[in-house]
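User: I'm new to looking at protein models. Could you show me how to read one, feature by feature?

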Amino acid sequence: MFLSNVTDSGPGGVPLSVDFNSPVDYLIFIFHLLFATATVLVAGPVAAAIVSSRTLRVQNRFIFMLNTSVCDTLVGLSVYYLGLFDVQEGYPSRNGTYNILSYLLGVNIMTFLFAQFDRYFAVCRPFFYTRFLTRRAIICVNVYCWFHTYFQLVIIHFMPSSKAIQLYVFSTVGLQVIVLTKVIMTIKLYIIARYQLERDPPSAERESNKESLWIIIFVVISFLVLWSPSFVNVILRLLLGKGLTFRNEATNPFAIMARCNSVCTPSVYLWGSPALRKATMRTVWGRVCPRCKRRVSHSWSVKGGDKGKPFKVHWKI
């Protein structure tokens, strides 16, 4: 089945996602409104902090964080439409966006996969990593994630229906291969973090590698947990025609779980990286709340972060 994108908004425009005939309808509408706002307020400042801080921009791992944070911010903005209005992406489509919003998933998946390979080479192949995986190469990889995903979407919409169906099925199968690769890489990175880094002598680079490895591991695990139900349902609908269908995107629990990843991922970034927390407070929230900025600056000074000493994070395995 190919994803049709027929828009049926009617003469009165796109209706709301719920009818407000029961308390549950009110809860669903309020949840999506609060969720969209929370996602934008969490992912947006993370992206702004990385762009505004040169010390973060020069590190490859933060380039990947920037890419996913921009994508997550767009997902949060999309919830204002997908969650508040009667929209059904997929098959059959109703008031859809030609899968432009749903394909943000593809950008995140590819970015996470390349980020896993980046951390693997940074720890296990440091000489190769330093020589070939420059900042410019990492930026090109992140741009490619967007180009590949949406170029494929453009091809699907301009191809004949029979060929488009074949390409869509092929891309779905390829997506499962990527997910399987992510699982294998997550296990590999855990083994590296558990054994190899513990044998390295204490240094700022060792702490940075440990921090980045654990961040990407937790991000990928949360991604797989939140997206797996949606993956399984799509496969069942596509191949067997036995998957569950829902009234719209707002009432689809699988889609809601998947979109929760857009607020979970930047939250893990902030939790795992003290440097990112400091940059976010200084460049974004510190301007909104100067008192909070002074409090964080004082805390950082007491811990020695303003004297050029490495800020160490002690992870428990």
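Analyst: R247 is partly exposed, because its relative accessibility is 40%. Buried means under 20% relative accessible area, exposed means over 50%, and partly exposed is in between, with a 1.4 Å probe and protein chains only. Keep in mind that this is a predicted model, where local features need pLDDT of at least 70, side-chain atom pairs count only at pLDDT 80 or more, and totals for chains, interfaces and linings use all residues. Residues are numbered from 1 along each chain as its sequence is written, and side-chain values use heavy atoms, with hydrogens and water left out.

User: Which residue forms a salt bridge with R247?

Analyst: Here's the general idea: side chains of opposite charge can pair when their charged atoms come close. The rule asks for a side-chain nitrogen of Lys or Arg within 4 Å of a carboxyl oxygen of Asp or Glu. For R247 the partner is D19, with the closest N and O atoms 3.1 Å apart. R247 sits in the loop between helix 8 and helix 9 (253-272) and D19 in the segment before helix 1 (23-52), so the pair ties together parts that are 228 residues apart in sequence. Helices here are DSSP runs (H or I, at least four residues), numbered from the N terminus. D19 is partly exposed too, at 44% relative accessibility.

User: How many salt bridges does a search of the whole structure find?

Analyst: It finds 4 salt bridges. One of them joins R259 and E249, at 3.6 Å from N to O. R259 is in helix 9 and E249 in the loop between helix 8 and helix 9, so this pair ties together parts 10 residues apart in sequence. Both R259 and E249 are buried.

User: What about empty space? How many cavities of 30 Å³ or more are there?

Analyst: Rolling a probe the size of a water molecule over the atoms shows where empty space is left. On a 1 Å grid over the protein atoms alone, a cavity is a set of points where a 1.4 Å probe fits but cannot get out, and lining residues have an atom within 4 Å of a point. The count here is 2 cavities of 30 Å³ or more. The largest cavity holds about 120 Å³ of space, a volume being the space filled by probe spheres set on the points, which are joined across faces, edges and corners.

User: Which residues lie nearest the centre of the largest cavity?

Analyst: Of its 13 lining residues, R61, F64, M65, A115 and I216 lie nearest the centre. Helix 4 gives the largest share of the lining, 5 residues.

Note on methods. 1 Å grid on protein atoms, 1.4 Å probe; cavity = no way out; pocket = protein on both sides within 12 Å on 5 of 7 lines; lining within 4 Å. Helix = DSSP H or I, 4+ residues; strand = E, 2+ residues; numbered from the N terminus.
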